[in-house]
Amino acid sequence: MAANDIYEEIMQCIADGDEDWARELAQKGLDEGVSPLDLIENGFTPALRAVGERWDTGSIFLPEMILSADAMKAAVRVLQPALQEAGGGAHDMKTCVVGTVKGDIHDIGKSIVGALVEASGLAVIDLGTNVETELFVNAVRERGSCVIGLSALLTTTMVEMKIVLDELAKAGLRNQVRVAVGGAPVTQAFADEIGADGYAEDGMSAMHLIQELAAGLDPAPGESMSKVA
Ligand code: B12
């Protein structure tokens with residue numbers, strides 16, 4: 001099957017919110033030799049965004065958007081092992097803490113970024129969704145030097161990213177971390193405005209960005225150079 005055909009089927013199956021079909025298509029894509037990242041970035045993600053646009057214009061309702069999101073999550077679970085194998089694997093054991101900011105329960109993009117970053121050889125701590133600012137600050141206190149990847153999908157929750165940056169500064173931890181931000185409404189201009197260290201618009205560029213930011217970190221206390229490949 002040509003990649004374009006599978007992308008058309010993915011578009012339909014996510015629109016239908018059909019989990020079984022989504023799992024099947026993810027597996028079929030892998031069997032046909034399409035990379036897991038292509039399936040996510042060129043298949044499932046645009047399909048889910050199209051669902052969001054239909055919800056936005058009122059042609060579908062929230063339960064249908066939930067079914068579509070669940071179908072994508074089922075597909076990502078099938079793709080995750082292959083996604084992790086596909087990583088560059090620098091294995092320098094730097095840590096990246098990822099989470100979706102307070103007030104926001106969207107987790108698909110954040111989880112994809114986490115999986116890719118882990119695949120690239122960093123240790124990933126996923127704090128989940130609707131994460132209180134204090135938890136990000138505590139994670140830095142516990143881990144020391146690390147990258148934080150903040151995700152937000154709502155224009156109303158993007159502002160939480162600035163609060164996390166402010167609280168890190170207040171706690172005297174800002175110079176120990178590099179903060180990357182992302183999510184559909186986030187832009188480079190917004191990242192610059194709030195003083196984040198980087199922004200990326202999709203999973204692959206997020207992985208490269210976080211790798212670069214991690215490379216610029218001082219080793220965490222207790223991290224021996226022997227861990228650095
Ligand atoms: C699926 C979905 C849901 C699902 C979420 C399920 C889940 N488990 O995540 C459900 C149905 C629960 C949901 C709920 C709501 N949603 Co919603 N949702 C979406 C939808 C359709 C897709 C989001 C998604 O998963 N995309 C796929 C992933 C792969 O893409 P992504 O998240 O953008 O991530 C990529 C990049 O952004 C980047 N990235 C992401 N995070 C990070 C982090 C870092 C550090 C970096 C570097 C990069 C990065 O890499 C990722 C991989 O490529 C969007 C539409 C859209 N255009 O985004 C609306 C959307 C985000 N939702 C919206 C709204 C309004 C809501 C609700 C408020 C609806 C309601 N009335 O209840 C609630 C919010 C509840 C809450 N408090 O959070 C609006 C937001 C509008 C706005 N301007 O703020 C959108 C844009 C829909 C729309 N067109 O209006 N939603």
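**Questions about the ligand shell and the fold**

Author: Around the ligand stand 42 residues, of which G52, G109, G149, S151 and G182 come nearest. This is a predicted model, where local features need pLDDT of at least 70 and side-chain atom pairs count only at pLDDT 80 or more, while totals for chains, interfaces and linings use all residues. Numbering starts from 1 along each chain as its sequence is written.

Reader: What makes a residue count as near a molecule?

Author: Its C-beta atom, placed from the backbone, has to lie within 6 Å of the molecule or strand in question. The 42 residues around the ligand are listed on that basis.

Reader: Which elements give two or more residues to the shell around the ligand?

Author: They are α3 (36-56), α4 (62-85), α5 (108-119), β3 (146-151), β4 (177-182) and α9 (203-215). Names like these belong to DSSP runs numbered from the N terminus: helices are H or I with at least four residues, strands are E with at least two. The largest share, nine residues, comes from α3.

Reader: How is the shell around the ligand divided by class?

Author: It has 21 nonpolar, 12 polar and nine charged residues. Ala, Val, Leu, Ile, Met, Phe, Trp, Tyr, Cys and Pro count as nonpolar, Asp, Glu, Lys and Arg as charged, and the others as polar, so Gly falls among the polar ones.

Reader: Which domains does the assignment of the protein give?

Author: Domain 1 (3-85) and domain 2 (95-227), with bounds that come from an automatic or database domain assignment. Taken over C-alpha atoms, their centres are separated by 25 Å. Each domain puts 10 residues into the contact between them, where two residues are in contact if their C-beta atoms, placed from the backbone, lie within 7 Å. On the domain 1 side, α4 gives the most, with seven residues. The ligand shell, too, draws at least three residues from each domain.

Reader: Why is E160 called buried?

Author: Buried asks for 20 or more other C-beta atoms within 10 Å of the residue's own, exposed for 12 or fewer, and partly exposed lies in between, with C-beta atoms placed from the backbone. E160 has 22 C-beta neighbours inside 10 Å, so E160 is buried. This residue sits in helix α7. Beyond its neighbours within four places in sequence, E160 is in contact with V101, K102, G103, T133 and A152. G103 is 57 residues from E160 in sequence, yet 8.5 Å away, C-alpha to C-alpha.

Reader: And why does N130 count as partly exposed?

Author: N130 has 16 C-beta neighbours inside 10 Å, so partly exposed is the label. N130 lies in the loop between β2 (123-126) and α6 (133-143). Its phi is positive, about 50°, although N130 is not a glycine. Most residues other than glycine have a negative phi.

Reader: How do you know that the buried residues of α6 are on the same side?

Author: The buried ones are F136, A139, V140 and R143. They cover an arc of only 95° around the axis, so they share a side of α6; the arc is that of the directions from the helix axis to the C-beta atoms. The face turned away carries the exposed residues E134, R141 and E142. Among the elements covering the buried residues are β1 (95-100), β2 and β3.

Reader: Where does pLDDT stay under 50?

Author: Over residues 222-229, for which the model has seven contacts beyond four places in sequence. pLDDT is the predictor's confidence in each residue, from 0 to 100. Where pLDDT is low, the predicted coordinates should not be read in detail. The mean pLDDT of the protein is 89, and 91% of its residues reach 70 or more.
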